[in-house]
Amino acid sequence: AEVKAYEAQLAIQNGASEIDMVLNVGMIKSRDIKGLFHDISTVVKTCHAHNVICKVIFETSKLNDEEKVIASQVSKMAGADFVKTSTGFGGGGATVADVALMKRVVGPEIGVKASGGVRYLADAQALVKAGATRIGASAGVAIVKAERGETVTGGGKGY
């Protein structure tokens with residue numbers, strides 16, 4: 001936790017206005033809730049001391065629904081500003097079911113960022129409808145163009 005907080009502090013000193021931290025999957029799997037709370041709250045406190053947003057990434061493809069609920073509850077109790085589905089590098093990605101579950105648990109108090117595998121406008125719209133307040137997508141430009149009714153080039157069908 002202290003190393004993560006130190007890294008967050010360095011990033012903030014170098015201009016970061018938002019910090020993403022990855023949930024300690026081992027702690028959630030072993031049900032070390034106290035350790036998990038300490039891990040998250042230590043980084044959150046560092047961020048909030050500098051008015052910086054803190055997002056907690058779950059890697060939802062590695063967790064079952066019970067673990068996603070626990071992770072959401074602990075993140076909320078620790079003061080996180082957002083819970084986030086995925087880094088985009090751990091396999092899987094944002095699903096409507098995961099976003100809806102996370103939003104049900106955290107409520108309106110904190111945001112839900114759907115990230116990982118969001119490639120098309122229809123995907124983004126479904127995730128927002130499920131409760132996402134932010135979307136993380138490498139195809140963001142194509143999604144916005146599709147929303148505006150502009151021609152999308154270089155993509156597949158489904159925009």
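Helix α3 covers residues 33-48, and its 16 residues reach 22 Å from the first C-alpha to the last, close to the 22 Å expected at 1.5 Å a residue. That expected span is 1.5 Å times one less than the number of residues in the helix. Helices here are DSSP runs of H or I with at least four residues, strands are runs of E with at least two, and both are numbered from the N terminus. This is a predicted model, in which local features need pLDDT of at least 70 and side-chain atom pairs count only at pLDDT 80 or more, while totals for chains, interfaces and linings use all residues. Residues are numbered from 1 along each chain as its sequence is written, and side-chain values use heavy atoms, with hydrogens and water left out.

- The buried residues of α3 are G35, L36, D39, I40, S41, T42, V43, V44, T46 and C47; buried means under 20% relative accessible area, exposed means over 50%, and partly exposed is in between (1.4 Å probe, protein chains only).
- The cover over these buried residues includes the helices α1 (2-13), α2 (25-29) and α4 (65-77), along with the strands β1 (18-22) and β2 (53-57).

**Cysteines**
- The model has zero disulfides, a disulfide being a pair of cysteine sulfur atoms within 2.5 Å.
- For C47, the closest cysteine sulfur is in C54, at 4.2 Å, which is too far for a bond.
- C47 counts as buried because its relative accessibility is 0%.
- C54 also has 0% relative accessibility, so C54 counts as buried.

**Two loop residues with positive phi**
- R31 is found in the loop between α2 and α3, and its phi is near 60°, a positive value in a residue other than glycine.
- With 32% relative accessibility, R31 counts as partly exposed.
- R31 touches E66, E67 and I70, leaving aside residues up to four places away in sequence; contact means heavy atoms within 4.5 Å.
- Between R31 and I70 there are 8.9 Å in space, C-alpha to C-alpha, although the two are 39 residues apart in sequence.
- E59 sits in the loop between β2 and α4 and has a positive phi of about 55° although it is not a glycine.
- At 9% relative accessibility, E59 counts as buried.

**Helices α6 and α7**
- Two packed helices are described by the angle between their axes and the distance between the axes.
- Helix α6 (residues 121-130) packs against helix α7 (residues 140-148) at an angle of about 85°, with the axes 9 Å apart.
- That angle makes α6 roughly perpendicular to α7: 65 to 115 degrees counts as roughly perpendicular, under 35 as roughly parallel, over 145 as roughly antiparallel and the rest as oblique.
- The axes are lines fitted to C-alpha atoms, for helices over the stretch in contact, and angles run from 0 to 180 degrees between N-to-C directions.
- On the α6 side L121, A124 and Q125 take part, and they meet I143, A146 and E147 in α7.
- The residues of this contact divide into four nonpolar, one polar and one charged.
- In α6, L121, A124, L127 and A130 are buried, and what covers the buried residues includes α5 (96-106), β4 (111-115), β5 (134-136) and α7.
- Just after α6, G131 takes a positive phi of about 130°.

How values were computed
Ala, Val, Leu, Ile, Met, Phe, Trp, Tyr, Cys and Pro count as nonpolar, Asp, Glu, Lys and Arg as charged, and the others, Gly among them, as polar.
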